[in-house]
Amino acid sequence: EIYTLSLHDALPIYELAMLFLSLTIFYCPLAFAQSNADFNGRKVREIKIETARISPGIVRKKFSVKEGDIFFGDNYDTARQALHDMRVFKSIDFKVLPNDDETVSIEINANDGYYIFPIVFGTGGSKSTIAASIVEANLFKSGEMLFLFGVYSSDGFMTMAGLGVENNFFNIQFSGMNFKEFVYKNGSYNASGMFTSEPDQSQTGKPEREYRVKDKSFRFAWSRSFNERASVTAGFSMSDISYSGAVIPSDKGRHNKMVLGLKSYKGIKPGGGGASFGAIFGIGLSDVADKLADLPKRKPGYFAGIQYENGGNYTGSDFDISKINLKLAGKMEFRKRHILFLDIAAAKDFNAPFYDSIKSVDVLSGKGIYSREFRGNEAAGAGISFIWHPVKSKTGVLSLAPFIEHAAIWKDGSLKSHGGAGASISYQIWRVPFPLGINYTQNLTDGSRDISLLFGGWF
């Protein structure tokens, strides 16, 4: 599973601090797949680890099954996947061996590498954009991942850096935006972003008014995962907002806030599994054989959480800000690796200016791509999608993912609806860092359509 990037929609800028409450849903104990089930209930006496470059101690910390634990196939599979998700291994050989004293030993032979991967790309059309990135992984033999990213368009610039090491991730971002915002007759606004072109008026209609938004922002976030089942996030965001035009919002000023979060998950990794930029060098592909193999049983998963944002005088904000966002998701992965997803979300601002108001896309599943969105004080949404893999091979995998989603958003008691249906099709070549595909979204609210090129998908 990896993140999706649409060249039409706003760039998902490595979502900063998201606060999530630990809730457990969609739990189905009868459906869990197990490996080495014959050893369930035995104590793990010893874990032997051999590596090529990386310190065995780093692997031991990341592997969530510890010496002295009681062995369960479900926990063992989660620990194995955590090592694969580091994306620094060419191959990993796991063995579970029985001992005469009714214990087990685990042997891990990991062949790791390192890479430095630069990439530059651009887009044309109504908004010219150029972006550059460089990613480094495991150069310092600690399993770290460091990335630098920058993008410039006619609407502004954004620079970002991130560091992931062991179970910690740090993200810092600077941006300066100067873009047009359109307001339409039905109360919707255009979606904005570094890669977003101006809305096609043949699809959206002529806006009733427009104005320019200047947004100078700084963001920092830290997150830490625990046993591949939960994570906590804390961050700080500073934004200086101003407007120009005939009729403009009244919240010019500083919008500074703290963002805190908790997440609980199993089988649905927050943000997806991440692209392996070392794939072109054969690095990060240690679990390809697992992805091609059928599961012994259906495998469910869940994600749940809560996000809270708060700002005021103590953060240097000119406005009081208080928002909460809840997200729940469940999945069922079938034996042939096809996946059914259900997403539910809700959001409410208790006190927030226009710039920080809730957007209808905040409570959609994220599968659809839209030129317009609604804003309000509270919202709820749900979506269902299915990912089908008609072709899987040692070369790559083809994915077809139909979806339908709907959101309701309230502003001062007035209800607006936002929903869509469509599908994406993408092909993942294992030795290429990310899939390439196309997304089609039919907006069920206003009848508009969107066809977008995608970097990313589900596999």
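Modeller: Begin with a definition: two strands count as paired if DSSP finds at least two bridges between them. Keep in mind that this model is predicted.

Colleague: Which residue stands opposite asparagine 109 in E4?

Modeller: The residue facing asparagine 109 of E4 is glutamate 50.

Colleague: How many bridges join E2 to strand E4, and how do the two run?

Modeller: In general, strands of a sheet pair through backbone hydrogen bonds, and the pairing is either parallel or antiparallel. Here E2 and strand E4 (residues 103–112) run parallel, joined by eight bridges.

Colleague: What is the order of the strands in the open sheet?

Modeller: The order is E2-E4-E3; the sheet has three strands, and its pairing is mixed. Strand E2 (43–51) and strand E3 (89–98) are the edge strands, each pairing on one side only. From one strand to the next, the twist averages 15°.

Colleague: Which strands does helix H2 lie across?

Modeller: Helix H2, residues 73–84, lies across E3 and E4. Its direction is at about 160° to E3.

Colleague: How many helices and strands does the chain have?

Modeller: There are four helices and 25 strands in the chain.

Colleague: What share of the residues counts as buried?

Modeller: A residue is called buried when its relative accessible area is under 20%. By that cut-off, 51% of the 459 residues in the chain are buried. The accessible surface of the chain is about 20,600 Å², and carbon and sulfur atoms account for 58% of that surface.

How values were computed: Residues are numbered from 1 along each chain as its sequence is written. This is a predicted model: local features need pLDDT of at least 70, side-chain atom pairs count only at pLDDT 80 or more; totals for chains, interfaces and linings use all residues. Side-chain values use heavy atoms; hydrogens and water are left out. Axes are lines fitted to C-alpha atoms, for helices over the stretch in contact, and angles run from 0 to 180 degrees between N-to-C directions. Contact means heavy atoms within 4.5 Å. Buried means under 20% relative accessible area, exposed over 50%, partly exposed in between (1.4 Å probe, protein chains only). Accessible areas come from the Shrake-Rupley method with a 1.4 Å probe; for residues, only the protein chains shown count as cover.
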